[in-house]
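The following paragraphs are meant to be read beside the sequence and the coordinates. Please keep both in view while moving from one part to the next.

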Amino acid sequence: MTASALGYASRRLRRGWRSGELFILSLALAIAVAAVGSVDLFTERVRNALSQQTGDMLGADLLYVSRAPLPPELTAQLDAAGVKQLPLVQFASVAFVGEASALASVKAVAPGYPLRGQLRVSPQLFEPATPTDTVPAPGHAWADARLWQELRLQPGTAVKIGRIEVSVDAVIADEPDRGNGFADLAPRLMINSADLAASGLIGPGSRVQYTTMVAGPPDTIAALSTQEMGENVRRIAPTDARREVRNALQRSGQFLDVAVLAVTLLAAAAVALSARQYGEKLKDEIALLKCMGARQGFLARALLLQLGLLGVAGSAVGGVVGYGAQALLANLLGELLQLALPPPPLWPLAAAAALGCLMLLGFAAPPMLVARRTPPLRVFQRSEDVTGASRGVWLAGVAAGGALLWLATGDAKLAVIVLVGAALTLASLALLATLLVQALTPLRRSVGMSWRFGIGNVARRRASTVAQVTALGLALLALLLISVVRQDLLLSWQKKLPPDTPNQFLINIQADQVEPLRAFFAERGYPDLELWPMARGRLVALNGDAVTADSFPDPETQRWINRDFNLSWSAQLNPDNRITQGEWWGEAGRGQRLLSADEYAIERLKLKLGDTLTLDFAGEQYTFTVSNFRTVEWDSFRPNFFLLAPPGAVPDSVPAQWLTSFYLPKDNRALLRALVDRFPNITALDIEAMMDQVRGIVDRIIKAVEFIFLFTLAAGLTVLLAAIEGTRTERERETALLRALGARSGLILRGLIAEYAVLGGLAGLVAAIAAQTVAWVLAEQVFRIPYGPRPLLWVGGTLAGAVIVAALGTWSLRRVMRTPPRQVLQ
Amino acid sequence: MSQVSAVSARAVRKDVSSGGAMLGILTGVDLEVPAGQTLAIVGASGSGKTTLLSLLAGLDLPSAGEVWLDGKSLNGLDEDARAGLRAGRVGFVFQSFQLLAGFTALENVMLPAELAGLSDPQGRARQALDQVGLAERMTHYPHQLSGGEQQRVAIARAFCGQPSILFADEPTGNLDTATGSRIIDLLFNMNLAQSTTLILVTHDVSLAQRCDRTVTLREGTLHDC
């Protein structure tokens, strides 16, 4: 029986293909697989490239950091993996210039440093920096601006460290592996590793950090990233790199997920539409087969086999097209994206094929299986139809839609938000379409004949209008959603990094310098300089229990505990901080030993509100109670702190320093010289280079997103075409009849344009409203960016929907316009 | 020559391509149908009756020869010009009814009057539906009507635009004998009332006998019976 079902299924498929019945369904499936596959492939490549890009911020793809040279077995593993390795050594040492001295963080590097990214140096302080591929020659050194200022260096100044003297001949403007803990680190002095042994600074008991930089192909790096290691070695991946970059990457990842969701939804809509049309066409044939004795089981097997065969063929074609499309697009856009894309992995294609099969099961199988229940009586009376099956079709669609979204993103929350948005849209579209049918009826009496026909068609075909507006609205929703979110993403980033984002940090400001510094800046056009106090304390007890690094199992917390905490205090909450639990103390908290903890501190110390932390400030211990939790936007480039206390909570006896940040235009470097002359102990840090790097990455992400937006647009237009194609047969018959009855082609064309403009405008309006709602939820819940209503989008959505759908409908049905009237007699 | 004829055809040929060779469906048809006459075209299946009807109504163009509709030559007119000629002049009744599925009975009947730009198409449609006994079914869609009712709607539609010529292609072909007979009565009564020229294609001898004149299509040419 199955063999005969297979025979019938394959014959039916061949016939369906030849007659064009299955073309749309096959095309929809192939497009679904191609779209999802190519977007996933490309997204994966972009993601890999972006994470490789953050290797620029690490100086390598991976870092292995330890207090002793790497264990031989790990070195052997790295050798076996065939990755590029570059050792470097860092330690703290006092550097002398004559009588002057400063604590420096010495880094000994070998030629080839860094493996990723670039070192940028300038010949003198306050001069423009340029990238370099070299490292300090033996006997020479480069220092950062802070050390140049502290030691009053000049080009060629001899600096003594340990037993050697090195000649300083460049200012380090940017080193890729610097990290963002600048306030904790001593100024940099970079020497050649060949000078290390002679310095005599490395010996038993010395506190030295050994780092091995590693770079290699993504697969190898991925394998190394999960390898077991000993406790004494710490592995740092790009995702552990700077916090602000990590945030940017995370946000872009979510955005790309939304793009994939949109493509998935559109493809599913195309499959659903086509399958519904095919199911309708099957009904007559199934009724006839039943008259001839076919049973439901046979028909079910035959239909599912047809779908299976179609799934295999469509997925294969879609996979090939998808692979080709991503390769073509990567070639075309690789340069534009300014990203060297790694080779595409194949798994997204398998995943896309699985998604294709799921789409068939969820969206194509139900309407086709409903057709299986067509009563044989239909051969006599076409009005005999299947009833009571639509709920199952809808449920299957919703379940499959949810599963698709979840599979496409792996983010259940995002999937649920988009799915709820889509469901609400469907309901809104259906409701609005029904209302409009009623509203249009009187309207068509007062317009010209073409519009009367067009609007009349929309109004008279109530069920089909609702179905078409729903489909078109869904496609437009996805397009608008992408454009809305894209716009908001751009605006949000632009807001976060406006041109006057602080690019200079001043640290080591003493309490008695706060007011003179304010005055200094006020005289120079900075009337509102904000300064943040900071005291360094070490955590000694948590909830009254003494703690050390060993009290915490994970290495990251251990390292954090080992460092001093920077505790600041304020009565006002910075605008880039948001309270998530508890309440901000404001002025009322003054003098109380309360603590506000950021997410990082909460996660590391597993804090709960009411916990107490005892901090040791140079011998003075004070206990603070955690009264609220905060999230901090670390990519705002403003000073921020893991721990905050109210003013007066830390007694004046505790030594405190202050820090500030401000924006210094490039042509006003003289201010820095005046500052250093007036306040020699204050250190200025130029973070312009770091910001440029972040801006560059943001720019690249936006370009990647724009590319995926174009792809989503193409997928959306395909759904529109599928919806329009669904009406082709009916329209051919109608056109032939209208022409037989005397209608000229101009009238039919104008009627068609009017009909699709009304349909598109309707769908566009509802889609705009729904897109705003979904975008608002996404902005609030996922992206955490502010969002307000955009009424202009409603007008734009309506107009865009009308124009796009009218143009596409007319173009798609241009041949229908030429249907000869004699067809009515055939 | 055809000034007094509703429809004329002179040496009309229609060839179609079949398997690479040209097949002559009509090989030389001459016909004159005076205004107000009722004409039945009969012939075996596949003899080309429907092809001839489509040429006479201007739905298609002949391979050779000339056709006049209401005194106007169809030769050299493009599709749109022929459509314009039909609007308000020609009505149709089809074997398969050809009602628009998304339109109610009333909306289907209104169509020709709307296309001809006649005043009050809805009033005319209501009246036509009333005449065919479907005043109570105006808001029904085609799938809610029986075959006989659908053909009555089609007849109401055919007469709603007050055409001077009516073409009917096997109007009872999809109906049982009793229903078919009632439909034909209706068709002829309305035709008589409006003095319309009726050109009818049928297999049904009794139906053909009700017409003023019957011609048989055989081997591509017409023969008077």
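Helices (H or I, at least four residues) and strands (E, at least two) are taken here as DSSP runs, numbered from the N terminus. This is a predicted model, in which local features need pLDDT of at least 70 and side-chain atom pairs count only at pLDDT 80 or more, while totals for chains, interfaces and linings use all residues. Residues are numbered from 1 along each chain as its sequence is written, and chains are lettered from A and ligands numbered from 1 in the order in which they are written.

Chain A holds 22 helices and 22 strands. A residue is called buried if 20 or more other C-beta atoms lie within 10 Å of its own, exposed if 12 or fewer do, and partly exposed in between, with C-beta atoms placed from the backbone; on this scale, 44% of the 826 residues of chain A are buried. Two residues are in contact if their C-beta atoms, placed from the backbone, lie within 7 Å, and among the contacts in chain A with a separation of 6 or more, 85% come from residues 24 or more positions apart.

Several loops of chain A carry backbone details that deserve a look. In the loop between β3 (100–109) and β4 (119–122) of chain A lies P114(A), which is joined to Y113(A) by a cis peptide bond with omega of about -10°. F126(A) counts as partly exposed because it has 15 C-beta neighbours inside 10 Å. A positive phi, near 55°, is also found at N543(A), again not a glycine, in the loop between β13 (531–542) and β14 (545–546) of chain A; with 14 C-beta neighbours inside 10 Å, N543(A) likewise counts as partly exposed.

Turning to where the chains meet, the contact takes 20 residues from chain A and 27 residues from chain B. On the side of chain A that touches chain B, α13 (449–460) and α20 (728–740) of chain A each supply at least two residues, and the largest share, four residues, comes from α20(A).

In chain B, helix α1 (residues 49–56) is largely enclosed by the rest of the structure, because eight of its eight residues are buried. Among these buried residues are K49(B), T50(B) and L52(B). After α1(B) comes G58(B), whose phi is positive, near 75°.
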